[in-house]
Amino acid sequence: YDALFAGTHISHVGRFTLTSFLINIGATEQDLINLFKEITDFDEGKTRYQIEHIAGRRGTRTKYVPPKCDTLRTHGICVKPDELCKSVRHPLTYYRRKLRTILRKRK
């Protein structure tokens with residue numbers, strides 16, 4: 001996410017991971033199209049198709065989830081690991097646990 005706004009090239013695996021992660025935590029397809037407009041090689045038609053495919057609205061109708069943490073580390077996509085990373089294997093698990101921790105601290 002930070003790399004996107006820094007203007008850094010994002011690999012196909014990186015784009016897939018970001019898209020599938022955000023779709024699974026509640027981002028809309030339009031949210032993602034707006035996000036990817038920042039990329040220099042943006043093509044709205046291709047972007048929309050890929051987002052809809054990952055969201056399960058095209059192709060096989062499979063809603064994809066992001067790759068496991070091991071895969072993200074292999075591709076150099078896992079950045080800034082913290083203590084919680086030692087006890088989880090998937091970014092969606094990390095997200096849910098981190099969110100619970102933040103919400104508990106607010107109470």
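The side chain of Ser20 comes within 3.2 Å of the backbone oxygen of Thr17. Such a polar contact is a pair of N or O atoms within 3.5 Å, where within protein one atom must be able to donate a hydrogen and the other to accept it, and residues adjacent in sequence count only if both atoms are side-chain atoms. The model is predicted: local features need pLDDT of at least 70 and side-chain atom pairs pLDDT 80 or more, while totals for chains, interfaces and linings use all residues. Residues are numbered from 1 along each chain as its sequence is written, and side-chain values use heavy atoms, without hydrogens and water.

Ser20 belongs to helix α2. Ser20 is buried, with a relative accessible area of 0%; buried means under 20%, exposed over 50%, and partly exposed in between, with a 1.4 Å probe and protein chains only. Leaving aside residues up to four places away in sequence, Ser20 touches Ile54, Tyr64, Val65 and Pro66, a contact being heavy atoms within 4.5 Å.

The protein chain as a whole has six helices and zero strands, in the order α-α-α-α-α-α along the sequence. These elements are DSSP runs numbered from the N terminus (helices H or I, at least four residues; strands E, at least two). The C-alpha atoms of the protein chain fill a box of roughly 40 × 30 × 25 Å along the principal axes. Of the 107 residues of the protein chain, 28% count as buried. Among contacts with a separation of 6 or more, 47% join residues 24 or more positions apart.

The largest nonpolar core holds 14 residues, and Leu4, Leu22, Leu32, Leu35, Phe36 and Ile51 touch the most other members. Helices α2 and α3 (29-36) are the elements that give this core two or more residues. A nonpolar core is a set of buried Ala, Val, Leu, Ile, Met, Phe, Trp, Tyr and Cys residues joined through side-chain atoms within 4.5 Å. Leu22 touches Ala27, Leu32 and Leu35, not counting residues up to four places away in sequence.

His90 lies in the loop between α5 and α6. His90 is buried, with a relative accessible area of 16%. The side chain of His90 reaches the backbone oxygen of Pro66 at 2.8 Å. Beyond residues up to four places away in sequence, His90 touches Val65, Pro66, Pro67, Lys68 and Cys69.

The largest pocket contains about 1000 Å³ of space. Of its 28 lining residues, Tyr1, Leu72, Ile77, Cys78 and Val79 are the closest to the centre. A pocket is an open set of points on a 1 Å grid over the protein atoms alone, where a 1.4 Å probe fits, with protein on both sides within 12 Å along at least five of seven lines; lining residues have an atom within 4 Å of a point. Helices α1 (2-6), α2 (12-24), α5 (69-74) and α6 (91-106) each supply at least two lining residues of the largest pocket, and α6 gives the most, with six. By class, this lining has 19 nonpolar, five polar and four charged residues.

The second largest pocket contains about 340 Å³ of space. Its lining has 17 residues, of which His12, Arg15, Lys46, Thr47 and Gln50 are the closest to its centre. Helices α2 and α4 (44-54) are the elements that give two or more residues to the lining of the second largest pocket, and α4 gives the most, with six.

Notes
Points joined across faces, edges and corners; volume = space filled by probe spheres on them. Nonpolar A, V, L, I, M, F, W, Y, C, P; charged D, E, K, R; others polar.
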